Amino acid sequence: MLRSGIDQMRYAAGILRGRLRPEVLTRVSQDLVATLREFGTVGDDSQLLPGRQGVIDPDVQNTITTRALRRTAGRAAGQTAYYGRLFGELGIRPEELTADTWAQVPPTSKASLRAMPAAFVASGSVPYLMAATTGTTGTPTVVWYSRGDLENVIALSTIAMAMTLGVRPHDVVATGVSSRATLGYLVTAEIVRRVGAAFVQIGSIAPELVLERLATPLYLPGRAPRITNFSAPASVFASLVETAERDGWTPADFGLTDLLSGGEVVSEALRARVEEAFGVAPERAYQATEILPAGGAHCSQGHLHYPAEFGHIELLDPQTLEPAAPGGAATLVVTPYVPYRECTMLLRYVTNDLVRVLDSAPTCELAGMAASSDILGRYDGPLSVAVPTRSILDLLEAERAILLPARYCLVDEPGGPVLHVVARQRSARILTRLEERAAALGVALKGIVVHDDVERLPARNTVRADLREYSFDSSGHIGGGDKRQSVARSDEAFAGSRA
Amino acid sequence: MKPSAPALAGLVLVVAVLIGLALVHVRRYTVSRPPIGLFVRSDVALMAVSVVIAPLLYLELPATVVAAVFGLVTVVAIQTAAAPLLGGRPATLAALALCAATWACWLSGHPLPTTLLTDAGLAVAVIGVTSMWVQGGMRAAHVAAFAAMLTGYDLTATSLTSLMTRFSDHLHGLPFAPLLVIPGSHGALVAIGLGDLVMLVLFPMAAGKAFGRRPAVTAGLVGVAVTALIMALFWWRVVSTAVPVLAFLGPLIVAQYAIWRRLGYRERTVREWRDAVDPRAIKPDPNAPLRSALRVHVPAHLPTGAWLAVDDGLVVGIGPSPGLACRDARANGHVGPLVVRGARV
């Protein structure tokens with residue numbers, strides 16, 4: 001207890017000094033795991049834990065932010081080729097920046113990072129891991145992490161997973177993310193090891209195989225009988241829902257207690273259908289390879305909240321990159337702070353992730369943290385603001401005639417955008433239902449065109465479920481009830497034979 | 001001078017009441033704890049070092065300074081004990097009021113009220129601290145290890161050297177002295193040291209948390225019996241100077257711990273204690289259902305790729321994959337845990 005208290009004080013002192021020893025944060029996370037194992041819950045004043053920011057006086061917060069920004073800008077300008085040149089050309093002095101003058105620093109685009117990742121790596125760091133985004137929108141974006149960066153991400157994610165998702169030693173945790181998503185895989189595997197749970201890497205294999213893995217009893221000592229926790233991108237959940245509904249799987253076939261979805265927009269319609277199929281709705285998390293450990297957490301009112309501890313978040317108009325107005329669409333512009341990130345330095349990184357600025361200050365349980373709406377989609381021009389991905393998915397994923405993951409495209413035509421979508425069949429009834437629901441949701445469409453073949457779409461959206469890994473395993477492909485007849489029915493074959 | 005029988009009996013009674021109150025407190029009231037952290041071995045080691053160093057240090061300090069330090073510790077400990085009953089702020093006020101009254105009585109030259117208030121503060125403080133330790137994750141094993149260390153230390157500090165006698169004389173009559181004194185014992189002093197009192201109260205609580213009600217009651221009775229025995233030794237004049245209580249109690253604590261473990265009790269976590277998990281619950285053999293599944297007779301006509309869902313040695317489902325075999329079992333009405341095996345193992 002004493003050593004734990006000392007570690008927490010060392011962590012707090014490290015944050016104030018701007019020099020954080022990763023092993024201290026690691027010990028804090030390990031103490032949290034031990035605490036949860038002993039007591040089942042954390043003690044009083046849990047808002048003092050990393051990432052659990054309580055209400056802070058605005059002036060104090062402003063001072064803390066200014067210090068963190070100066071420290072981060074100082075390292076970026078002094079140790080990276082990109083920001084060294086940029087700050088030199090513009091005559092920006094990091095030590096004079098404040099939270100109020102931070103906008104002097106030009107935003108960093110995804111294209112700049114993609115074009116030359118090494119130009120963003122601090123010379124004083126020791127790069128260890130090349131993490132790349134999945135690249136569903138084109139070229140993957142590369143971000144180098146040092147061992148210290150990775151240790152920080154793992155420790156903070158351990159705290160988040162243990163507290164938010166309630167992962168415990170009894171659990172069996174599986175991931176359905178692509179095995180090429182190295183960062184996510186490494187972090188999850190290590191978190192599970194530290195919690196003392198069991199880890200299953202399923203990968204992004206065929207949904208039939210995933211369902212089969214989730215339903216298979218494990219019968220391992222000290223573990224839950226089946227996989228309890230599963231994380232995957234939203235489109236993978238969509239494909240699982242589609243397959244589960246088609247093949248007749250029910251929640252009783254699984255032993256899932258916690259689901260986590262990140263990396264893609266999770267619509268409320270999909271959450272409801274996932275809950276119907278698996279008995280539990282997926283929790284959401286906002287994280288991105290480029291900005292870790294900065295990210296967002298959801299409150300009970302559906303807002304996305306941003307802890308001020310790990311990074312500076314700005315909500316900027318996606319077109320002008322000026323502060324967005326209340327109620328307006330904004331893109332998240334993020335500066336991950338030193339000392340959490342010391343290898344790839346990014347200042348005012350434009351994520352292109354769209355949110356809506358809240359009209360009024362939140363009153364939820366996370367009201368102490370800055371907030372926005374949940375992620376609406378990805379900025380890809382004015383059309384993506386007018387009809388964001390979330391509104392399309394809310395429209396399509398509630399309609400059971402639409403194949404999941406939803407295949408669609410928006411075509412900008414005179415008079416407004418037209419939504420082309422693939423359904424199981426072309427039908428006037430389906431079209432009417434979609435049009436009525438679009439009107440009810442207020443989706444600004446000129447029209448909807450239903451196709452019964454994905455090849456007929458004018459263009460095809462890509463999703464993470466498309467990052468399919470192939471397998472020689474044929475068990476899941478055997479699929480539905482009719483094929484079970486090829487083996488036998490147990491009541492016919494055994495009639496209750498006991499050993 | 002021979003101590004009076006009421007004083008000796010009074011001390012035994014006080015110890016018994018204190019143990020009882022402590023057991024009620026730890027069971028009924030949840031003390032505050034930090035967001036993360038629990039009692040671990042390094043905390044026991046630190047306590048052991050503190051126990052050795054503190055008396056030596058206090059002997060070098062002016063008695064009033066030592067009293068002030070103990071007064072401060074007493075305020076915090078009383079607040080800890082009283083907060084779950086009264087609320088944070090009232091508990092703080094109560095602790096401050098009790099300590100201020102003690103200090104005032106001492107300054108105004110009233111020894112009896114000073115002793116009574118010091119005793120009251122000490123009693124509440126002991127309950128608060130021990131309850132906080134046990135609810136903070138202190139295990140019976142920690143207490144047993146601490147008791148083993150204190151057995152040797154108490155023997156040395158009390159009997160083989162004059163350390164404890166000098167320490168007791170140094171603080172005699174001061175407020176917040178770490179001695180629970182029974183007033184009215186004219187002449188011979190009837191008192192018990194803070195360390196002894198802590199261990200008398202602590203082990204029943206830790207045993208209750210770790211092993212359950214019966215070990216807790218046993219530990220309490222053993223503590224009271226040890227106190228009564230020592231008081232009897234005074235009454236019979238077998239002893240007439242300070243007695244190292246922990247030299248008697250320490251080995252009994254270690255023995256109790258060893259016996260309960262030997263009897264198949266395992267240490268419960270705080271969560272298991274609050275959930276009333278049976279510490280003697282025998283874990284089922286995890287391999288038994290697997291062995292049972294391996295013994296199942298598989299008809300020769302089943303294809304190699306078939307999978308069987310087995311429940312208690314009975315095949316209850318069959319399918320072309322493990323998941324589908326389980327689905328088949330559920331379709332047959334089996335909802336319990338299943339073992340799945342291939343047709344050909």
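In the predicted model, Pro339(A) is placed in the loop that runs between strand 11 (329-336) and strand 12 (349-356) of chain A. The peptide bond that joins Val338(A) to Pro339(A) is cis, and its omega is about 15°. A cis peptide bond is also present from Leu292(A) to Pro293(A), where omega is near 5°. Pro293(A) belongs to the loop between strand 7 (283-285) and strand 8 (297-298) of chain A.

Leu321(A) is located in the loop between strand 10 (311-316) and strand 11 of chain A, and it counts as partly exposed because 18 C-beta neighbours are found inside 10 Å. In chain B, a positive phi, near 60°, is likewise computed for Arg237(B), a residue other than glycine. Arg237(B) lies in the loop that links helix 9 (213-235) and helix 10 of chain B; with 9 other C-beta atoms within 10 Å, Arg237(B) is classed as exposed.

Helix 10 (residues 245-262) of chain B is in turn paired with helix 8 (residues 194-211) of chain B, the two axes coming within 10 Å and crossing at roughly 5°. Because angles under 35 degrees count as roughly parallel, helix 8 of chain B is described as roughly parallel to helix 10 of chain B. On the side of helix 8 of chain B, the contact is formed by Gly195(B), Asp196(B), Met199(B), Leu200(B), Phe203(B), Ala207(B) and Phe211(B), which meet Val245(B), Leu246(B), Leu249(B), Ile253(B), Gln256(B) and Trp260(B) in helix 10 of chain B. Sorted by class, the residues of this contact between helix 8 and helix 10 of chain B comprise 10 nonpolar, two polar and one charged.

In soluble globular proteins, nonpolar side chains tend to be buried together. The largest nonpolar core in the model contains 156 residues, and those with the most contacts inside it are Phe237(A), Val421(A), Leu308(B), Ala309(B) and Ala325(B). The element that gives the most to this core is helix 6 (residues 147-165) of chain A, with 10 residues. When neighbours within four places in sequence are left aside, the contacts of Ala325(B) are Trp307(B), Leu308(B), Ala309(B), Gly317(B), Ile318(B), Gly319(B) and Val340(B).

Chain B is divided into two parts, domain 1 (5-273) and domain 2 (288-342). Taken over C-alpha atoms, the centres of domain 1 and domain 2 of chain B are separated by 59 Å.

In chain A, Ala244(A) has its place in helix 9 (residues 234-247). Ala244(A) is buried, since 25 other C-beta atoms lie within 10 Å, and the residues in contact with Ala244(A), apart from neighbours within four places in sequence, are Leu211(A), Trp249(A) and Ala277(A). Between Ala244(A) and Trp144(A), which are 100 residues apart along the chain, the C-alpha separation is 38 Å.

Conventions. Residues numbered from 1 in each chain as written. Chains lettered and ligands numbered in written order. Predicted model: local features only at pLDDT ≥ 70, side-chain atom pairs only at ≥ 80, totals over all residues. Axes fitted to C-alpha atoms, helices over the stretch in contact; angles between N-to-C directions. Helix = DSSP H or I, 4+ residues; strand = E, 2+ residues; numbered from the N terminus. Parallel < 35°, antiparallel > 145°, perpendicular 65-115°, else oblique. Contact = placed C-beta atoms within 7 Å. Nonpolar A, V, L, I, M, F, W, Y, C, P; charged D, E, K, R; others polar. Core = buried A, V, L, I, M, F, W, Y, C linked by C-beta atoms within 7 Å. Buried ≥ 20, exposed ≤ 12 C-beta atoms within 10 Å, placed from the backbone. Domains from an automatic or database assignment.
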